[in-house]
Structure formats: structure tokens, C-alpha cells
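This report concerns strand pairing and charged side-chain contacts. The sequence and the structure are shown first.

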Amino acid sequence: MFGGASKSASNDDGVSEEQLLSAAKADNVGTPGPTITGGIDAGCPKFVAEPRDNNITFYEQGRAGDGLAIMHRGEITKTARECRVEGGQVKIKYGFSGRVLLGPRGQSGTVTLPVNIAVTDAKREKVAADAMKISVAVALDKPIGYFSAVREVAFPLAEGARPGEYELLVAFVRKAPGAG
């Protein structure tokens with residue numbers, strides 16, 4: 001579905017790369033994503049990779065903030081979601097993709113990116129959460145590594161609420177320097 005060969009771009013049961021790019025552009029400017037054939041409902045929660053949390057930089061230990069000490073930088077570049085309401089529950093199939101860039105002090109190997117997902121209601125209170133770690137390989141001869149993740153989350157729809165009043169947030173987890 002996301003950057004993979006597992007589904008074709010013409011599959012009507014999911015989001016294609018082209019549709020994902022359109023959804024990512026729409027979500028990044030704060031408007032609802034486009035209606036996708038067989039996919040996104042107009043009442044679906046907005047899916048946001050917040051600007052301050054859609055990237056993470058790993059520095060050499062003790063040199064945080066030094067541009068010449070950057071080892072790796074991870075970025076979430078695309079998002080998409082599909083949802084349905086069944087029996088008072090909102091079920092969201094969401095996905096995001098991005099890349100890891102090798103910095104001036106980076107070395108070949110696997111970079112682990114800690115990611116949190118949260119669903120908040122209209123009062124910005126958390127109603128559901130998910131966490132994961134994404135591993136991405138980078139090398140001196142391939143300084144950009146790509147990743148994607150597709151998961152599902154469900155939460156009860158509060159009485160009198162609409163799915164569009166909720167928000168799905170994805171963010172990298174910030175750790176202490178040297179812990180990445």
C-alpha cells in the first residue's frame with residue numbers, strides 16, 4: 001500500500017501512492033484529505049503529522065544542535081487514512097511513510113525511529129493511542145532509506161459526537177541525546 005509492491009496503484013480497496021501524496025499535501029495544510037474511491041469518508045478524523053514532530057534528528061553524543069554532528073534525520077513525508085463507523089466505534093486504517101537521511105557524521109547501519117500515534121477528541125483529550133518502532137537501513141552508498149507503516153486503531157464514538165471532530169496525530173518520540 002505505501003511504497004510497496006504488495007498492492008497495485010489501481011486497487012480500489014485502498015489508497016494508491018498518487019492518492020496518498022494528494023492526501024498528505026491536503027493534510028499538511030490543515031484541510032481534510034480528498035475523497036478516495038472506496039476509502040475516506042467525509043466524516044473521518046483528520047490525520048496530522050504535526051510540523052514540529054514530523055522530523056527527528058540524531059546527533060553525535062554531546063553535540064546536539066551542531067549541524068556538522070548530525071548522524072541521521074528522519075522525516076514523515078506522507079500520510080493517509082480510511083475510516084468507517086461500526087456499532088458506535090470508529091475504525092481507522094492509517095498509514096504514513098517517510099525517509100531517513102544520512103548526516104555528515106552518519107554511518108552505515110540500521111536507524112530505529114520511535115513513533116507515537118494518538119487519537120484526540122474535540123477537547124484534545126486522548127481517546128486511543130499506539131506506539132511503534134520503525135527500523136530503516138542506510139549506507140554510505142545509499143544515504144537515503146525509506147519506510148512506511150500501515151496500522152489500524154479503533155475508539156468508541158462519544159454520544160452526540162461526529163468522527164470529524166476527532167484527530168489522529170503521528171509524531172516521533174524525542175529521546176535524550178545519544179539514546180536514538
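Strand E5 (residues 109-120) and strand E6 run antiparallel and are joined by 12 bridges. Within this pairing, Ala-118 has Ala-129 in E6 as its bridge partner. Strands here are DSSP runs labelled E of at least two residues, numbered from the N terminus, and two of them pair if DSSP finds at least two bridges between them.

The model is predicted, so local features need pLDDT of at least 70 and side-chain atom pairs count only at pLDDT 80 or more, whereas totals for chains, interfaces and linings use all residues. Residues are numbered from 1 along each chain as its sequence is written, and side-chain values use heavy atoms, with hydrogens and water left out.

E5 and E6 belong to an open, mixed sheet of four strands in the order E1-E8-E5-E6. Its edge strands, E1 (46-49) and E6 (126-138), each pair on one side only.

The whole structure contains 13 salt bridges, each defined as a side-chain nitrogen of Lys or Arg within 4 Å of a carboxyl oxygen of Asp or Glu. Three of them are listed below.

| Glu-86 | Arg-84 | 2.8 Å |

Glu-167 lies in strand E8 (residues 167-172) and Arg-124 in the loop between E5 and E6, 43 residues apart. Glu-167 is buried, at 17% relative accessible area, while Arg-124 is exposed, at 52%. Buried means under 20% relative accessible area, exposed over 50%, and partly exposed in between (1.4 Å probe, protein chains only).
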